[in-house]
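Student: Before I look at the model, I would like to know what stands behind the labels. Please set each term against its cut-off as we go.

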Amino acid sequence: MNNIFSQIKRSKEMGILAILVVISIIISAFNSSFLTFGNLLDVVKSNIVLGIMSMGMLLVLLTGGIDVSIASVISAVTVIIGRFMVDYSSNIFLIFVVGVVAGSLMGLINGLLIAKLKIPPIVATLGTMSVIFGLVLYLTNGNWITGIPQNFIDFGRVTIGQFPVAGSDQIQGIPIQFLFLLFAIALTWFILKYTMIGRGIYAIGGNRDSAERIGMNSENITLFIYTYEGFLIGLAGVVHTSIMRQVDPNAFIGFEIQVIAAVVLGGASVLGGYGSVSGTIIGVSLFCIINNGLILMHIPTFWQKIVVGIVLITSISFDVIQKRMHDKKNIKVDIDESESSFKRLGVAEKSTSQA
Amino acid sequence: MAQNMFLRMHNVSKTFPGVKALKNIDLEVEYGEIHALIGENGAGKSTLIKILSGVYQPDEGAEIIIDGVVQKTITPLDSLKRGIAVIYQDFSLFPNLSVAENIAMVSRVEKRKKIVNWRETNQIARSALDKLGLRIPLSKTLSELSVAKQQLVAIARALVNDAKLIVMDEPTSALSRGEVESLFSIIRNLKEQGISILFISHKLDELFAISDRFSILRDGKYVGTFGEDELDDDRLISLMVGRKIEYKIFEKRTLVDPIFEVRNLSKAGNFKDISFTLHRGEILGITGLVGAGRSELAQAIFGLNPSDSGELILEGKRLQVNAPEQAVQHGISYIPENRLTEGLILKKTMSDNICLTVLKQISSRHGLIEKAAQNKLVEKWIEEMHIRPNIPNMITSKLSGGNQQRVVLSKWLATDPKVLIVDEPTNGIDIGAKADIHQLLRDLSEQGMSIIVISSELPEILAIGDRVLVMRRGKIAATLDGKNLTQEEIMKEAL
């Protein structure tokens with residue numbers, strides 16, 4: 001029992017959870033509508049896309065990589081499925097297939113650049129980001145895609161269950177998009193916990209040389225990570241369109257920093273090796289609640305950007321400082337602390353060990 | 001006799017471009033034997049282990065028999081499958097994973113698992129730890145364990161793969177005495193289970209406490225294998241040392257005018273209580289085994305690795321040195337061990353490299369470099385140091401090793417140092433160039449410069465050191481007079 005308690009105390013996730021609780025209390029002290037079912041439901045609904053994409057980013061950060069192209073990828077996915085459903089077919093299953101395949105392919109390109117050509121992730125994804133954003137603008141001229149088919153709009157309005165909203169006569173259900181978030185979380189959790197690829201992701205993040213020395217294929221794992229991330233972004237793109245019911249090709253500019261900040265806030269280390277699904281859920285929640293709190297407290301929106309940047313830098317500094325302190329502790333030279341002559345001691349030990 | 005041998009290596013040689021690292025080595029390890037492999041720095045121990053683990057392929061003509069099976073070639077995977085497990089100094093573990101997973105990971109990968117069975121993982125880890133009689137919580141993250149416990153996890157991991165020979169490279173270097181004792185009782189326990197241990201260490205007391213037999217390498221050659229009762233410290237040392245001295249031995253001087261003093265310098269995990277005096281015009285040799293703290297000490301004096309406590313006194317003045325710029329200002333220069341990566345910008349010209357330390361001297365008031373001043377300075381050093389070819393605009397990477405070393409020296413001499421520290425000044429250059437560098441250092445010292453030469457190569461230390469300071473495990477083991485000094489005397493203090 002004691003053991004469990006000490007483990008909880010030590011875990012990074014619990015620390016972040018505590019911050020989450022404290023901040024929630026502070027915000028609700030300023031604004032009584034914060035801790036209402038309706039507001040929380042709104043917070044969840046408007047952050048489903050962030051949640052799904054954070055699962056992909058978690059895998060990338062775990063291996064010590066980073067992906068700054070995700071905003072461009074989801075923009076491209078929304079444009080592709082927007083055009084697809086307006087021009088070709090409104091079949092919901094096909095829309096999902098097109099979105100997911102498009103996202104996965106773009107992720108695969110990142111993966112190939114990073115795994116095969118060994119381009120540093122930040123550079124590779126900066127490059128693809130620029131190319132994809134450029135193509136999106138070329139294809140749309142920056143214009144919104146409207147005229148989304150009615151059956152897709154109806155699909156996006158489906159809710160599950162009915163919950164009375166306190167203080168009003170309204171009844172609200174859980175939006176169907178929430179199921180996709182649960183799916184992304186469950187799938188990512190399963191991959192990380194129960195597949196060799198998932199354990200390989202942790203192993204590579206912990207010690208890449210050792211992982212390769214025991215026969216793990218880091219190239220294939222890297223390919224998998226970026227493709228899977230693309231798959232989740234594809235899913236997020238469809239979910240986003242079902243909520244917004246139109247496509248704004250510029251909607252996601254600057255979104256990558258929010259995803260990265262949320263995941264890092266959840267305890268994932270940008271240096272690789274450390275991070276978990278549960279931590280990421282808490283991190284994303286904390287991030288969303290801070291954002292929501294800023295809105296409820298009527299703080300101008302530019303403050304959000306400032307807060308995101310500060311969150312990111314603070315979390316990363318924490319990791320880097322922690323690592324430096326750990327490295328400093330490492331012993332370089334084994335200092336002989338014994339005062340007696342070791343050689344005589346050696347002879348003595350030899351004779352006693354024979355006796 | 002041959003039936004008792006788990007491992008027989010015969011006539012193993014290894015040639016790297018330009019260097020014969022191993023010459024006709026023999027090594028035999030019995031089943032259930034604790035076998036010590038010893039030799040000076042650079043004697044060829046690591047190369048031999050890398051051949052055994054399949055990292056390097058030996059030259060033609062080598063015979064390797066593992067567990068009765070003749071091995072034509074060995075890949076790293078063959079080596080593992082034949083039951084050879086090498087525990088490197090970094091353990092090759094995963095700091096972010098649990099103890100159980102670290103132990104079971106190799107077997108998971110080997111069985112080409114796709115899905116992880118956590119119950120099996122825990123069982124594998126539990127039984128490996130039981131074999132060693134250890135109680136380490138399986139769910140603990142590895143980085144939370146002490147170094148000693150991490151090492152035991154590495155040993156447990158080797159057992160999972162049915163290791164029959166465990167090679168341990170300096171396994172005790174980061175352990176306390178008590179931890180060494182418990183490691184030894186585990187090693188003895190493994191021996192009883194018929195597992196052989198190949199133990200590499202510099203610590204003679206520990207070697208004598210645990211080993212059944214000793215194989216000695218010297219200069220890439222096999223000296224012999226001896227039973228524990230055939231050896232004592234002195235005999236062992238005389239077998240280990242004795243590299244031929246091919247250098248001119250300079251006449252040793254006794255100098256009395258102190259210029260630089262180090263008092264009680266300490267840094268946790270690096271070195272402790274270092275005190276010595278350097279005299280004007282003296283060459284002080286500092287030697288010791290790799291890992292004794294020599295370079296850490298030099299870097300502390302130079303401000304790269306500031307010490308925790310102690311004093312540096314130059315010409316009677318106490319110095320504050322927390323960064324290299326301060327050291328250079330005071331007149332202390334340091335030429336690092338790896339001149340190629342640390343001492344030179346290889347893609348730049350010789351001229352650019354030489355000027356790097358004295359940019360202020362050759363700059364105008366506005367901070368721009370004056371070409372004329374630069375050329376004058378560079379020509380002076382090319383002339384003085386006999387750098388060949390004498391083309392200032394030559395790209396440094398195209399120069400020979402000896403000339404590169406001269407460029408580095410010029411660069412630091414341009415700062416007009418009072419104390420010059422050179423770390424392994426002749427590492428990786430040919431004999432002729434080495435002798436030139438020795439002559440150069442000697443000339444500089446005769447002009448009044450005080451020089452500290454750090455070297456693992458005992459003949460080099462004997463050739464140029466007026467006095468020799470021997471470091472062992474972070475402390476000064478002895479200060480010896482260079483006159484009539486022998487390699488044995490130094491090695492006795494170093495081990």
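Tutor: Start with pairing: two strands pair if DSSP finds at least two bridges between them. Helices (H or I, at least four residues) and strands (E, at least two) are themselves DSSP runs, numbered from the N terminus. This is a predicted model, in which local features need pLDDT of at least 70 and side-chain atom pairs count only at pLDDT 80 or more, while totals for chains, interfaces and linings use all residues. Residues are numbered from 1 along each chain as its sequence is written, chains are lettered from A and ligands numbered from 1 in the order in which they are written, and side-chain values use heavy atoms, with hydrogens and water left out.

Student: How do you know that strand 11 and strand 14 of chain B are joined?

Tutor: Five bridges link strand 11 (residues 258-267) to strand 14 (residues 309-314), and the two run antiparallel. The definition asks for at least two bridges, so strand 11 and strand 14 of chain B count as paired. One of the bridges has Arg263(B) facing Glu311(B) in strand 14 of chain B.

Student: What pairs with strand 11 of chain B over six bridges?

Tutor: Strand 12 of chain B does, in the antiparallel sense. Val262(B) has Phe276(B) as its bridge partner in strand 12 of chain B. Strand 11 and strand 12 of chain B form a hairpin with three residues between them, and Gly269(B) in the turn has a positive phi of about 75°.

Student: Why are strand 12 and strand 15 of chain B said to stand at the edges?

Tutor: The open sheet has four strands in the order 12-11-14-15 (chain B), with antiparallel pairing. Strand 12 (271-279) and strand 15 (317-319) of chain B each have a single partner strand, so one side of each lacks a neighbour in the sheet. On average, neighbouring strands of this sheet are turned by 20° against each other, direction ignored.

Student: What makes helix 9 of chain B a helix that packs on this sheet?

Tutor: Contact, meaning heavy atoms within 4.5 Å. Helix 9 (residues 294-301) of chain B touches strand 11, strand 12 and strand 14 of chain B, and its direction makes about 65° with that of strand 12 of chain B. Such axes are lines fitted to C-alpha atoms, for helices over the stretch in contact, with angles from 0 to 180 degrees between N-to-C directions.

Student: Why is Asp273(B) called partly exposed?

Tutor: Buried means under 20% relative accessible area, exposed over 50%, and partly exposed in between (1.4 Å probe, protein chains only). Asp273(B) has 46% relative accessibility, so it is partly exposed. Asp273(B) belongs to strand 12 of chain B, and its phi is near 50°, a positive value in a residue other than glycine. Most residues other than glycine have a negative phi.

Student: Where is Glu315(B), and what is its phi near?

Tutor: Glu315(B) sits in the loop between strand 14 and strand 15 of chain B. Its phi is near 50°, again positive in a residue other than glycine. With a relative accessible area of 38%, Glu315(B) is partly exposed.

Student: What pairing does the open sheet of six strands have?

Tutor: The pairing is mixed, in the order 16-17-18-13-19-20 (chain B). Strand 16 (332-335) and strand 20 (475-481) of chain B are the edge strands, each pairing on one side only. Strand 13 (residues 283-288) and strand 19 (residues 467-472) of chain B run parallel and are joined by five bridges. Gly288(B) has Met471(B) as its bridge partner in strand 19 of chain B. Helix 17 (residues 487-494) of chain B packs on the sheet, touching strand 13, strand 19 and strand 20 of chain B.

Student: What makes a set of residues a nonpolar core?

Tutor: Its members are buried Ala, Val, Leu, Ile, Met, Phe, Trp, Tyr and Cys residues joined through side-chain atoms within 4.5 Å. The largest core has 101 residues, of which Ile52(A) and Met53(A) touch the most other members. Helix 4 (residues 48-62) of chain A gives the largest share of this core, twelve residues. Beyond four places in sequence, the contacts of Ile52(A) include Phe180(A), Leu232(A) and Val239(A).

Student: Why is Lys45(A) called partly exposed?

Tutor: Its relative accessibility is 29%, so Lys45(A) counts as partly exposed. Lys45(A) lies in helix 3 (residues 37-46) of chain A. Not counting residues up to four places away in sequence, Lys45(A) touches Pro175(A) and Ile243(A).
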